[in-house]
Amino acid sequence: QVQLVESGGGSVQPGGSLRLSCRASGIIFRIYDMGWYRQAPGKERELVASITSGFSTNYADAVKGRFTISRDNAKNTVYLQMNSLKPEDTAVYYCRIGSGSYWGQGTQVTVSS
């Protein structure tokens with residue numbers, strides 16, 4: 001059974017930091033590209049960052065220079081380090097395996113004063 005479990009969300013002030021984690025099970029983790037997505041109320045789910053099986057990364061323009069995606073294949077985990085958080089980063093954050101139909105349950109990130 002394929003499972004993705006996100007964690008690490010919370011409520012922070014603007015300028016603060018959070019590190020999200022997504023642990024996968026039921027797959028050979030190291031061979032898959034992984035992505036972080038987010039969905040704010042009333043908006044479409046959007047790609048935030050991705051990392052390939054070869055450790056190449058890509059970021060949405062809105063988060064470049066502030067977020068860093070990484071992976072630890074020994075732990076079957078992909079991370080999203082989020083620095084200099086802004087109110088517009090508020091959303092539920094999800095991870096995804098490649099272009100597949102598997103998603104985690106999401107973790108809420110709220111940035112407010």
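Here is a short walk through some aromatic rings, a charge and a sheet.

Before you click: this is a predicted model, where local features need pLDDT of at least 70, side-chain atom pairs count only at pLDDT 80 or more, and totals for chains, interfaces and linings use all residues. Residues are numbered from 1 along each chain as its sequence is written, and side-chain values use heavy atoms, with hydrogens and water left out.

**Stop 1: the rings.** The structure has two aromatic pairs; rings of Phe, Tyr and Trp (its six-membered ring) pair if their centres lie within 6.5 Å, and planes under 30 degrees apart count as stacked, over 60 as edge-to-face and the rest as tilted. Select Tyr-37 and Trp-103: the ring centres are 5.0 Å apart and the planes stand at 75°, so this pair is edge-to-face. The two residues are 66 apart in the chain, with Tyr-37 in strand E4 (residues 34–39) and Trp-103 in the loop between strand E9 (91–97) and strand E10 (107–111). Those labels are DSSP runs numbered from the N terminus: helices (H or I) have at least four residues, strands (E) at least two.

Tyr-37, Tyr-94 and Trp-103 make up one aromatic cluster.

Which of them is partly exposed? Trp-103 is, at 30% relative accessibility, while Tyr-37 is buried at 13% and Tyr-94 is buried at 14%. Buried means under 20% relative accessible area, exposed over 50%, and partly exposed in between (1.4 Å probe, protein chains only).

**Stop 2: the charge.** Show Arg-45. Its charged end sits over the ring of Tyr-94, 3.8 Å from the centre, and Arg-45 also lies over the face of Trp-103, 4.6 Å from that ring centre. To count, NZ of Lys or CZ of Arg must be within 6 Å of the ring centre and within 35 degrees of the ring normal.

**Stop 3: the sheet.** Switch to cartoon and find the open sheet of six strands, ordered E2-E10-E9-E4-E5-E6 with mixed pairing; two strands pair if DSSP finds at least two bridges between them. Strand E2 (10–12) and strand E6 (57–59) are the edges, each pairing on one side only.

Finish at strand E5 (residues 46–51), which pairs with E6 in the antiparallel sense over three bridges. Select Ala-49, and look for its bridge partner in E6, Tyr-59.
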